[in-house]
Amino acid sequence: MAATSSLSFLLQMKTLPLTPLSFSARTRTKSIRLSVVNSQSEVDKQDVVVVGAGIAGLATALSLHRLGVRSLVLEQAASLRTGGTSLTLFKNGWRVLDAIGVGSELRSQFLEIQGQEVRAVERRILLEALCNRLPPNTVHFSSKVAKIERIETGETLLELNDGTRLCAKIVIGCDGIRSPIAKWMGFAEPKFVGYSAFRGLAFYPNGQPFEPKVNYVYGRGLRAGYVPVSRTKVYWFICFNSPSPGPKIRDPSMLKKQAQELVKNWPSDLLNIIDVTPEDTFIRTPLVDRWLWPTISPPPSKGRVVVVGDAWHPMTPNLGQGACCALEDSVVLARKLAGVIGSGLSDASVEDALRSYGRERWARVFPLTVRANLVGSLLQWDNPMVCSIRNSVIIPKVVRLGPILEHTNFDCEALSSNV
């Protein structure tokens with residue numbers, strides 16, 4: 001029998017203050033060899049190249065733009081990601097969006113949840129809002145990085161799959177969970193955490209019937225949740241234990257059938273939400289993370305190449321902090337770089353700025369990654385007795401949305417626009 005709750009599934013788990021640590025470049029997997037090659041002619045010269053036009057990449061480019069720093073964004077897809085579902089943005093994410101000038105525009109389109117600065121946001125609309133604030137031709141689509149090398153000047157040579165070659169003084173890898181940039185830097189592949197998720201975005205053309213709050217249903221090794229996004233849309237998910245990530249399924253009708261089968265005896269509201277979900281919004285994702293152990297994981301920068309967001313610290317969605325932390329990364333990195341770019345882009349100053357970014361952000365993202373993993377493990381328990389205690393004691397008596405959002409505190413002043 002499933003247990004239903006409208007409370008947040010976040011648990012109040014205190015994390016001891018962390019002192020930023022230095023990192024060793026050791027890794028548990030074999031890294032790609034770092035090549036040093038001679039520069040050649042017919043290479044496009046760029047100061048800052050951002051790889052990836054997702055949330056991290058566009059937010060980083062926009063943060064730099066507001067500080068007067070031009071960048072070029074390379075996106076392997078032919079256009080912005082227009083499909084997919086939603087993501088939850090907490091107070092810290094909205095602080096960043098305010099700082100880069102898009103917060104008010106987005107707030108007006110999405111519902112506030114339970115009287116908190118929490119909203120479920122359509123990914124497509126967020127990406128478009130960020131992209132539209134960039135100068136024309138900042139984002140180059142159909143531009144997949146095929147090769148990355150360091151040349152004798154210390155700059156980075158990027159070769160695209162169409163043969164285009166770019167020489168960049170700074171490269172910022174925002175290319176997602178399976179980041180080729182991170183792999184080149186020696187990072188291990190993210191680790192599967194033992195469960196996967198179905199997600200979708202239900203559509204009610206005449207208006208959705210739910211109050212603006214988060215609703216959860218808990219089972220054994222299985223949980224689901226849904227939250228109104230706007231007047232006509234509701235975001236939902238199902239997390240289910242699985243021994244392996246399983247095959248990639250692209251047929252949306254098959255995804256819908258599998259999701260419905262998992263919760264066929266659960267509350268009718270959830271079943272109706274899945275039923276009215278357009279098939280093109282169904283996705284199934286194996287959930288992964290990467291724990292950034294000091295002295296084991298590589299640092300987030302190598303020379304003048306740095307990684308941001310999921311490319312560096314993929315985390316499970318149990319705290320709703322993946323996108324929020326990527327947004328935080330973007331403004332912290334932009335401020336660090338803007339402070340040195342104006343002084344001449346010397347090798348030492350840029351590398352110092354990137355190391356400073358890594359030390360500051362590691363102390364933030366490592367404990368959140370671990371906490372999200374532990375919360376997910378608790379919520380995916382499948383032992384009947386343990387689940388009974390969780391559903392009757394832990395969730396109703398311990399978990400409250402307001403008091404446990406301390407980890408969403410983040411100070412972020414507006415980025416001054418010089419353009």
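Which residues of strand 6 (residues 119-122) are buried on one side and which on the other? Arg119 and Val121 lie on one side, Ala120 and Glu122 on the other, and all are buried, that is, under 20% relative accessible area with a 1.4 Å probe and protein chains only.

## Basis of the model

This is a predicted model, in which local features need pLDDT of at least 70 and side-chain atom pairs count only at pLDDT 80 or more, while totals for chains, interfaces and linings use all residues. Residues are numbered from 1 along each chain as its sequence is written, and side-chain values use heavy atoms, with hydrogens and water left out.

The pLDDT, the predictor's confidence in each residue from 0 to 100, averages 88 over the chain, and 87% of the residues score at least 70.

## Strands 5 and 6

Strands (E, at least two residues) and helices (H or I, at least four) are DSSP runs numbered from the N terminus. Strand 5 (residues 86-89) pairs with strand 6 in the antiparallel sense over four bridges; pairing requires that DSSP finds at least two bridges. Thr88 stands opposite Ala120 in strand 6.

Thr85 is placed in the loop between strand 4 (72-74) and strand 5. Thr85 is buried, with a relative accessible area of 5%. Leaving out residues up to four places away in sequence, Thr85 touches residues including Val121, Glu122, Arg199, Tyr235 and Ile283.

## Nonpolar cores

A nonpolar core is a set of buried Ala, Val, Leu, Ile, Met, Phe, Trp, Tyr and Cys residues joined through side-chain atoms within 4.5 Å. The largest has 107 residues, of which Leu89, Leu97 and Ile172 touch the most other members. Helix 9 (residues 347-379) gives the most to this core, with 13 residues. A second, separate core of 20 residues includes Val217, Tyr226, Trp266 and Phe282.

Beyond its neighbours within four places in sequence, Ile172 is in contact with Val48, Val49, Val50 and Val51, among others, including Leu333 and Leu337.

Leu97 is one of the buried residues of helix 2 (residues 91-99), together with Asn92, Gly93, Trp94, Val96 and Ala99. Gly101, with a positive phi near 90°, follows helix 2.

Helix 9 has 33 residues and reaches 47 Å from its first C-alpha to its last, close to the 48 Å expected, where the expected span is 1.5 Å times one less than the number of residues. Helix 9 bends by about 40° at Trp362, the bend being the angle between axes fitted to the seven residues ending there and the seven starting there.

How values were computed. Buried means under 20% relative accessible area, exposed over 50%, partly exposed in between (1.4 Å probe, protein chains only). Contact means heavy atoms within 4.5 Å.
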